[in-house]
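Hi everyone, thanks for coming. Let me put today's structure up on the screen, and then we'll walk through a few parts of it together.

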Amino acid sequence: MYGSDIKRRNPAAQAGVPSGDDVMNNYAGSDPYGPNPLKPAFQQHQANLNNREHPSHHAPVWRQYSSNKYIRFYQENDHVLIPAFLTLLSFWTRFRDIKSSNYVVWDEFGSYYIKGDFYFDVHPPLGKILVGLSGALAGYDGTFSFDSGATYPDMGYGFMRIFNAFFGAVMVPFAYFTAQELNMSRTACIFAAVLVLCDNAYLTISRFILLDSMLLASTCFVLYCHTRFRNERHDPFSLDWWLWLAMTGVAIGLVSSVKLVGLFVTALVGLYTVEELWELFGDLSLPKTTYIKHWVARAACLIALPFSVYVASFALHFAILRNSGPGDAQMSSLFQAGLNGNQFSSNPLEVIYGSKVTIKNTGYGGGLLHSHVQTYPEGSGQQQVTCYHHKDTNNDWIIKRAHGESLDFEENQNLRDGDIVRLVHESTGRNLHSHRIKAPVTSSQWEVSGYGGDNTPDSNDEWILEIAEEQSSLPRNGILRSLTTTFRLRHRMLGCLLTAENVNLPQWGFRQIEVTCDQRNRTSSPHSIWNVEQHWNDKLPPGGQSQYKSRFWRDFWHLNVAMMTSNNALIPDPDKEDVLASNPSQWPLLAVGLRMCGWGDDMVKFYLLGNPIVWWFSTLSILVCGLSFGFYIIRRQRKLQDISPAEWDHFQYVGKTLVGGWFLHYLPFCIMGRVTYLHHYFPALYFSILLLSFMMDHFLQKPSISAKTRTIVWAVAFTAVVATFLFFWDISYGIKGPVDPQMRNRQWRAAWNIIDDHKPNTFI
Amino acid sequence: MKGSKMADSSESTLRQRSTTPTVAQPTETADDGDRKEVVTSVFTPAEQRQSLVVLLVLSLIAFGTRFYKIYEPDEVVFDEVHFGKFASYYIRGTYFFDVHPPLAKMMLGAMGYLIGYDGHFLFDNIGDSYISNNVPYIGLRALPASLGALTVPIIYMTMREAGYPILTCALAGFLVTFDNMLVTQTRLILLDSMLVFFMVCSIYSYVRFYKTRNNPFSIRWWFWLIATGVSIAMTTSVKMVGLFTVATIGVAVVWDLWVLLDIRRGLTMQEFMKHFWARAFGLILVPIIIYLFWFYVHFAVLTHSGPGDDFMSSEFQETLHGNSMADGLYIKYGDNITIRHKDTSVYLHSHPHNYPLRYDDGRISSAGQQVTGYEHADPNNIWHIASDDPNDPKTGQQVMHKDVIRLLHVATSSWLLTHDVASPTMSTNEEITTYSTDEDGSRFNETTFQIHLESGGDKLRTMASTFKLIHMDTKVAVWTHPQKLPEWGFEQQEVNGNKNILQKSVLWWSDNIEGKDAAEIEKEANKPVKKRNFFLKFAELQGKMFSHNAGLTGKHPYQSSPIEWPFLIKGISFWTHNDTRKQIYLIGNPIGMWVAVAGLAVIVGVTGADVLSRRRGFYPLNYDVHKRFYYATGFFFVGWALHYFPFFLMGRALFLHHYMPALVFSYMVLAAVHGFMFTEGVDGPISEPGPQVRPRRLKRAVVPVIAYGTAAILMAWHLGSFLFFAPLTYGTSAIDVPGLARRKLLSQWEFHFAK
């Protein structure tokens, strides 16, 4: 038997009649709206449970309605009015004075999708597309560059901020209703909503054109859908069950399409699903076909559906960004050819001897084969050959025949699989060369250098062309075509493959990527595979965009891998301490705040800082939850039951979901090597906020607590949260004018730097 | 409900039946009248004699494999560079720093001391000759080799105590004996053989301890509890990897305590707490004391200044004989001093040349006098310390922490200053320059710096103090970095004002007071070595060990990632000799290791299938087999997992030999899996009977011919593979090119002389 203590929405509630907790408790098990045709037995049971759980503070069986019609109206509708009022407060706090700073704060952005220039970013596109949408609605033309600190032109940035703040504001009702789904008391639901409403950090981060508010809102949405789905578990395959399962799937898709951090909440739902399927697996009375149906339903709604949403966001991304832009280099050459304004599509299609080409590595983040007059300081001392991401004439190579073989310029001779070629660096005249000298960094492989020239025959200049793949639908006849054909270059004498493996050279090589001749013969490694990117040859007709079509799935995959790679590459520079970055250990107890903009006297200064009471006590609640769990489980091992099996089951579920959610959103940042900032903690905070509310409710519901104590504790809690919020009000809404020295009393922790510039950091 | 039945059956696996009448007990077995005396030992005396013979033979072979031509190569091999050197330092008593705790190195030092080695040789390069340097290296190698060999009998005995038949135990011992990696690594002057030895001692002791659980608090129980605690402490005192062993034992202990806590066991809370505190004493307190003890010995032996000084704080260094820190002189206002950068050791320098007004990149400077970092001693490195109050020169007063000072460049008679002008190479940092004393005092505010002492007490001293110079006006720290200035700056190092004053590289120290009166120096210098609290020293060293270990991120050509280890993707070249084309290449026994991976996979597969079928109410494994599978084999598997997976979380450079502890467990698992697959039933009971234990029925395993057959085949393959790779393991004979090509089973094995 598990968790029967779940409240069901009464159908009558939707019609505006008192329902929810009140119905359950007031009628003491007798349902005044008649038996529910769908699940009467469950409701009956439910009402009994609720009655047992709240034995003291719902003494009157019938609620005493006031004779005043307004009060009565409130009493009858408080389950709607309370969240509505909180939501209105939320909108007011998030929207008020939103244009107070008319310059770009922190990482505000918004031009990408309006201009349609292809850009590259580590985050999936959905959130940014929505921001683009808001810009379009505001009539913004996409010409502003959004440099941090720049002043906004007249472009409707206020609307764009309000659009973002909307997402931040809906967190409040989500918190309220999620708490309700987690079967918390009315007071605890309100408390959860107030904690979110009065967290200064949530307030501040929501008010700018950033992805975080969307991420937070969609994380809240996932959790809400998930809890609703769980509450349907006694009635599998019902309409509501399907609805909320599918909604969970859609929500997962949305959150993951905003930021990859969404994968953490996805993992939470995944773990819950595994556990649920495991429970069902142990139910020997369940027919096997039903069990399989459970699997299929979840696979469809929690894997296929979110994935479709994710892919759709990328389809939209590619569809909107039609122009060549700053992100081109992250994509395959073939993809770039399809962008408007890109020169590649005028490449002649088939490469011939004598063509001038640039050669790109197909590995993720691969650059263009490059050489420059600087020489290796060690090894052969010959001219350096590297991979380089920027476009310049040192990337240009001319394809020639091997030494001694004449080239008939009259005849256009195609390059074919197996040809022996020589690559001459155009600006220095050196041949691409390799020899038995250890490469400078990857010392297990051979060095590649620029050596000699047309008149110094050396067989170490000769490379065998091996066609790897033809990516277009043209015949696979072993002809080298620009963009669409990938190939390897094998050194004829050494048999090794020309390879660039994203290993950076030291400063003498300008930290460009090392190129080696790899002896391991890994023919399928993308780092050993190349393609012709740009191709010039006057004797050949230009190609056209129609000849250079890339496939969606290939681009989708490529872009995702590139995102992962560059996300992992955002590692902190050990020589430089970033003042804005913080360590995950500093977050739970709010050891740091974050200056979101310049701190000049004439600026409106935003200091990203949580509500310390909210942060400290929500962190404490995790500890308390862990200790209570340990306490209960040890007592149960001694057969001492402090709470009923149903309560224990529910406690376990909520604990696992919220503590699990917190850990999943927090621990990865501790393990990740990348640079971390305070706002990375915000999703985790949401889980601990709900947990704080739940734990308070849990203890205050104990029969040994008197109604008076309960009231006092809640009153103190509400007062502390709201008062602290108001105390930090100025900081959250921006400090106008010079920082008042009075603000020093806001610096509750040593490293908060609202006033002073440099402060020692504490680690916790 | 299924749950209750499962709970009952797991209860019955506990094997200890309470006779307390208040607790319901399942009674499905063991009521057929067998008496306790019958089952004190499940093995007959004949079997025990057989077992002893097998044990002796295995031990002899193990010693043979480890000591075979131990005198070759007579040169420094691989990390003998480090550990041999450390042994020498122990004998000399000079302080050194290493990321590993001291025990194993101390054992090597003690071994050297015993055989009369004086520590004269420093093992500087791989390939240095021991013969011509007159080093008793055979004696030094004998210690790890002996412990490496003794590992084999202990593993045999552990398996035996865990109740496996002789064949299974012998198989485990055989696999460990003939693993090439374990042989190579244990016959050289390295730490891993001590590590593995103490690790298997821990496991053995715990198995013995667990078997005495029916007689809690008896002498034997206490003995094996303390032995476990001592062993895990010794393991951890060799390498921090020992913490994985602690975790392995910890998992078993927590699980055991959880079972004891169960009310159905009939223990009162007082009795339970007694169990708890006994384990806390034996497995936490005792190990901590032993661990600290070795550090105490470490500090007691290493009393002289040595290569490790620089890693430590100046307070620490002052405790060492002959350390320059102990000679620090107090600096007073009016002294002329030289100031050096802690990280790059350059002097703060200035000279009568100015910054170019316009740099190559078009930015503009103040065209003030250059301030640079210069490597060599020079009169231009001398700075005069002045107070910030022109009316009160404070001459003769000591410079204290947080004093505000001005620095006068003596040779050019100009004040050091910084201001809001971009530095020559970094536009984010402030330019540092000077202005002449001839000019008016309008720039006074730009010349004041606050001195922040980071170590060496509250008063500024030469040598001992490190400090930051924070500009009062703009709050930047005087800083330098290895970037060289162009020709106009004589390619000296750039000095600029760094806005990030928290950076660790803004530290400076003063190495000299110019013209200090000789008598005064004499008077101050003859200070005795300082004493420092052991716990402070320990805490500092332990912290440095951790941070340094985490900092070992440099790339190494032979490093590998943990995922490659079980599959033996990559080896390590230990030693080569060009003339004879001999080499030592660290590689495990491929047959053994690959089959061991299969064994681990079998565990995962069987566990998965068992859990799934139990969930559906079907119990595929016989009760006794099931119990042995989880309690013994499962324990070894957990040992493997805990000695392997944590490496995935480590950022430092990792090597194949880090897999050694896990490898030993994987061989034990493999032998156990072999037993599981080919032996029928299990021998039991194996635990001591106790006063509360009901009579138990004797159960015997049947070892069929096929078990002997398959074991023989596996051993033959393992041995063959060992011999095939033996030349690379021992480095005693050269292999020709085709021979190497034959041995290169994977393309990533980069043998030398292969062409």
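In which helix of chain B does B:Thr248 lie? That would be H11, which covers residues 242–261 of chain B. Please keep in mind as we go that this is a predicted model.

Let's stay with B:Thr248 for a moment. Is this residue buried or exposed? B:Thr248 is buried, because its relative accessible area is 0%, against a cut-off of 20%. Its side chain reaches the backbone oxygen of B:Phe244 at 2.8 Å. If we leave aside neighbours within four places in sequence, B:Thr248 is in contact with B:Ile203, B:Phe635, B:Gly639, B:Leu642 and B:His643.

Now, on to the two chains together. On the chain A side, 23 residues are in contact with 24 residues of chain B. The area buried between them is about 2,300 Å², and carbon and sulfur atoms give 55% of that. For the polar part, the count is seven residue pairs in polar contact, both at pLDDT 80 or more. Helices H13 (262–281) and H17 (612–637) of chain A each give two or more residues to the side that touches chain B, and H13(A) has the largest share, with four residues. By class, that side of chain A has eight nonpolar, six polar and nine charged residues.

How many salt bridges are there between chain A and chain B? The count is one: B:Arg615 pairs with A:Glu279, with the closest N and O atoms 3.7 Å apart.

Last, a word on confidence. Chain A has a mean pLDDT of 86, and 89% of its residues reach 70 or more. Over residues 1–61 of chain A, though, the pLDDT is below 50. Where pLDDT is low, the predicted coordinates should not be read in detail.

How values were computed. Residues are numbered from 1 along each chain as its sequence is written. Chains are lettered from A and ligands numbered from 1 in the order in which they are written. Side-chain values use heavy atoms; hydrogens and water are left out. pLDDT is the predictor's confidence in each residue, from 0 to 100. Contact means heavy atoms within 4.5 Å. Buried means under 20% relative accessible area, exposed over 50%, partly exposed in between (1.4 Å probe, protein chains only). A polar contact is a pair of N or O atoms within 3.5 Å; within protein, one must be able to donate a hydrogen and the other to accept it, and residues adjacent in sequence count only if both atoms are side-chain atoms. Buried area is the accessible area (1.4 Å probe) that two parts lose on being put together, summed over both. A salt bridge is a side-chain nitrogen of Lys or Arg within 4 Å of a carboxyl oxygen of Asp or Glu. Ala, Val, Leu, Ile, Met, Phe, Trp, Tyr, Cys and Pro count as nonpolar, Asp, Glu, Lys and Arg as charged, and the others, Gly among them, as polar.
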